[in-house]
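This report looks at charged side chains and at how they pair with one another. Please keep the sequence and the model in view while reading.

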Amino acid sequence: MTLPPEDRSRRQFLSALAAAGFAAAVQPVCADTILTPTDGLDAGMDRVAANDGFLPVYRAVPQGRKNLPLILVVQEIFGLHEHIKDICRRLARLGYCAIAPDLYYRQGDATKVSDIPTLLKTIVAFVPDEQVLRDLDTVVRWAQGSGYYDGHRLGITGFCWGGRITWLYCAHNPQVRAGVAWYGKLEGEETAMTPQHPINIADSLQVPVLGLYGGQDAGIPQDSLGRMRSRLASAHSQSEIVIYPDAPHAFNADYRPSYRKAAAEDGWRRMREWFSVHGVNV
C-alpha cells in the first residue's frame with residue numbers, strides 16, 4: 001500500500017524525531033510528539049566542571065540574552081533525551097534560561113537502554129541523591145558564572161524521577177524560589193542511596209512546590225498523595241498538590257501513549273503562573 005504524501009511526511013517526521021535522541025526505552029515515538037525549534041535560541045550541549053569530571057548539560061536560552069531567571073529541568077528515568085531538551089527549549093521561548101544536566105552520566109547512558117526494568121537495575125539504582133543534589137548545585141554556580149543566570153530568580157521543575165528530585169532540591173537549596181514537580185514519587189524505602197523522600201521533608205519545607213499528579217497513576221497511590229497533602233498543611237511553604245482525576249502517570253510526556261493533552265496544557269499553565277507568582281518571573 002502506498003501512503004498518501006501527508007502520511008509519508010508524518011512518518012518521516014517521527015523517524016527523524018527518534019533519530020534525534022529519544023530514549024530507546026520509549027520508542028516508537030507517538031504522533032503527538034512536540035518538537036520545539038531552536039530558531040531564536042542559543043541551545044545545545046555544554047560541559048560543566050564538576051568535582052570528579054565534566055557534567056554534560058543541555059542549555060537553552062533566548063539568543064543574545066544574559067542575566068535571566070534560571071529553571072533547572074530534571075530528567076525522567078530515561079535520562080537526558082529529546083523530550084527533556086524540548087522542555088528546555090519551550091521554557092527558553094518564554095524568556096528563561098533552562099538547563100537540564102545529565103544526572104546519570106557517571107553510571108551510564110540511559111538513552112541507549114531498551115527497556116525500563118534493565119534501566120532501573122543497571123543505572124538508576126546506582127545514582128545517589130547526594131550526587132544529584134551536588135550536581136544541581138554545580139549547574140547553578142556555572143549558570144551564574146557564565147552570565148546566563150542573574151543569581152536571584154531560581155526555579156526547578158522535574159518529571160517522574162525528576163519530580164521526586166524537585167521536592168528534595170527545594171528542601172536542599174534555600175536559594176530556590178519555587179519548584180514544580182510533575183508526578184514525582186513521594187514515598188519509598190529509605191536507603192543509603194535514597195535516605196529521604198518528599199514525604200520526609202514536607203513538614204519542614206520552606207520553598208513553595210506545586211505538585212502535578214494523575215488520579216490514575218498506578219505507581220503513586222492516592223493515599224500517598226493524601227499523606228503528602230497532610231504533611232504540607234502543617235508547614236509554611238505554601239506548597240500545593242493538584243490532581244488530574246483522569247490522567248495517568250507521565251501525562252505531560254507528549255511522545256508517549258500516556259500523554260493527556262488537556263491535563264498537560266493545564267499543568268503547563270499552572271507551572272508558568274506558579275513561577276511568576278513566586279518570584280521566578282521573566
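## A buried arginine and its partner

Arg 59 counts as buried, with a relative accessibility of 7%, where buried means under 20% relative accessible area, exposed over 50% and partly exposed in between (1.4 Å probe, protein chains only). The side chain of Arg 59 meets that of Asp 42 in a salt bridge of 3.0 Å, N to O, the term standing for a side-chain nitrogen of Lys or Arg within 4 Å of a carboxyl oxygen of Asp or Glu. Because Asp 42 lies in strand β1 and Arg 59 in strand β2 (residues 53–62), the pair ties together parts that are 17 residues apart in sequence. Asp 42, at 30% relative accessibility, counts as partly exposed.

## How the model is described

This is a predicted model, in which local features need pLDDT of at least 70 and side-chain atom pairs count only at pLDDT 80 or more, while totals for chains, interfaces and linings use all residues. Residues are numbered from 1 along each chain as its sequence is written, and side-chain values use heavy atoms, with hydrogens and water left out. Helices (H or I, at least four residues) and strands (E, at least two) are DSSP runs, numbered from the N terminus.

## Other salt bridges

The structure holds 19 salt bridges. In one of them Asp 39 pairs with Arg 93, with the closest N and O atoms 3.2 Å apart; this pair links distant parts of the chain, since Asp 39 is in the loop between α1 (5–19) and β1 (41–50) and Arg 93 in helix α2 (residues 82–93), 54 residues apart. Asp 39 is exposed, at 52%.
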